[in-house]
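Please open the structure in your viewer and keep the selection tool at hand. The tour moves from one selection to the next and says what is there.

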Amino acid sequence: MSYFLKFLRGKRSSRFHQTSNNANLQKKNMEDDVLDSDLSHNTENLQLLFSQAPDLVIRRFPIAASKTEAALVYLPGLTDKDAIQDYVLKPLMHSSFDPNKELPITIGKIEMVNTWGQIENAILGGDSVLLLNGQITGYQLDTKGWPQRQLINPQNEISLKGANQGFVETGSQNIALIRRYIPHQELILKEMTVGIRGKTKVSLLYLGDVASEDVLRELEIRIQNITVDAIINTGELIEFIEDNPYSPFPQIMLTERPDTAATQILQGRFVIIMDRSPSVLIAPTNFISFFQSVDDYGSRWLVSSFIRVMRFFAFMMALFLPATYVAFISYNFEVIPMELLLTIAESRIQVPFPPVLEAVIMEMILELMREAALRLPTPIGQTIGIVGGIIIGQAAVQVGIVSNIMIIVVAVTAIASYNIPNYDMSSSIRLLRFPMMLSAAMFGVVGIVVGWMTIVGHLVSLESLGTPYGTPLAPFRFADMKDAFLRFPLWAMKSRPKGTGAIPTIRQGRNRTKR
């Protein structure tokens, strides 16, 4: 009996899949077909095309002037119902107009469509489609109105003196935010579509008379060669277009600040805006760019230079401090002053683990606490981050799992990693701490030096869209050093960074007269 039931289920399943495949094949064959002049036949095709979308609205009505029957088709969750009612239906149904002239629709953008593929993309993209009986051409009306949030202060790139507006999930609004900063005709916008099932609009913004044509061509080729069902967020797009996907270092910068994006465009870089994403991509970029902040250009240059030097110092501490502790305690303890060595030995007398295992355990606990505080609601996350750290650290010392000096090393390392303004770069440094600790445990200070030389060699060999990642150090460009480790006065930085491949390098004149 059970075998018979399985046989029936298999037959039903095969029939279902066969019916589904036939329907999908029929829909696919319809994409290139043109509209029919019979409105009833067109509405039947629409119901077949959107058979899995029960919320599809097909509003049939007569046009007031000519009594021609029409149909307005849209998805209510993706359109602005007020715009449809006030600017489409009401003028067509109640206004008197000459039917031989243009329709009295006051929607800003109207395009002609004549294939079912165009109609499907228009409806799924949030537009509405107007079909008229006796015509083989429809009207695509810009009535987008999907749910969207208001402009708020950027959450991950907090600025003391910058603007309080951040990008949102709507690509057109993000483009408008950048246009407010650069209202110039040379600000070029290029649009592409990525994805087979979920079509995502990807826009490129750049200065046409400044940006490199070679970099633009390479970027367009990489985006157009993406063949995937759908791209949900910018992180997925980065993995498809970056030069070296096996590198721990980010080669394309993310930002949620319009002022940062505008600044990078003025330097000759490209901004990649992906619809439905609250962050934009900046490319090409270099290693130094990840340590620059928008506040660096809003403060006095001496203060900005000091803060930037502190960031690079924090980078070295976050990368090497745990490894240095392991190397000095395990191998090179002779370089530690005797008084400090006795203090460390006294604190480690009850610790049963070797220094490298002690450091790895504490670093893993720190990462677990950071991830827990990040995923929990803000009030609870702050409580866990503070109370949990104090309790776990104090209990671990009292039990004898770790030493006091290890708690200090881990705390200073965490503070140093949080001083890096870019989240992706900070995450990369936290990841590289672990192989550096293992190298120090095996070879001591020599292992740290070898690890650092390996990192430097890797940074020098990296590229971002074909441009050197290590510039202005490798290759060395003295003019670009004015905005690297130190931030020179703005009036002294007359040229754009050469690493971006910008065509006119001069970006400002002589803005300061000598007295």
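**Salt bridges and a helix pair**

Begin with helix H6 (residues 213-224), where Asp 214 and Arg 217 are three residues apart and therefore separated by about one helical turn; helices here are DSSP runs of H or I with at least four residues, numbered from the N terminus. This is a predicted model, in which local features need pLDDT of at least 70 and side-chain atom pairs count only at pLDDT 80 or more, while totals for chains, interfaces and linings use all residues. Residues are numbered from 1 along each chain as its sequence is written, and side-chain values use heavy atoms, with hydrogens and water left out.

The side chains of Asp 214 and Arg 217 meet in a salt bridge at 3.1 Å, N to O, a term that requires a side-chain nitrogen of Lys or Arg within 4 Å of a carboxyl oxygen of Asp or Glu.

Next select Arg 348 and Glu 358, whose closest N and O atoms are 2.4 Å apart in a salt bridge. Arg 348 lies in the loop between helix H10 (338-347) and helix H11 (355-375) and Glu 358 in helix H11, so the pair ties together parts that are ten residues apart in sequence. Glu 358 is buried, with a relative accessible area of 0%, where buried means under 20% with a 1.4 Å probe and protein chains only.

Then select Arg 430 and Glu 367, which form a salt bridge with closest N and O atoms 3.3 Å apart. This pair links distant parts of the chain, since Arg 430 is in helix H14 (residues 423-443) and Glu 367 in helix H11, 63 residues apart. Salt bridges that share partners join Glu 363, Glu 367, Arg 370, Glu 371, Arg 430 and Arg 433 into one network.

Note on methods: Helix = DSSP H or I, 4+ residues; strand = E, 2+ residues; numbered from the N terminus. Buried < 20%, exposed > 50% of the residue type's maximum accessible area, 1.4 Å probe, protein only.
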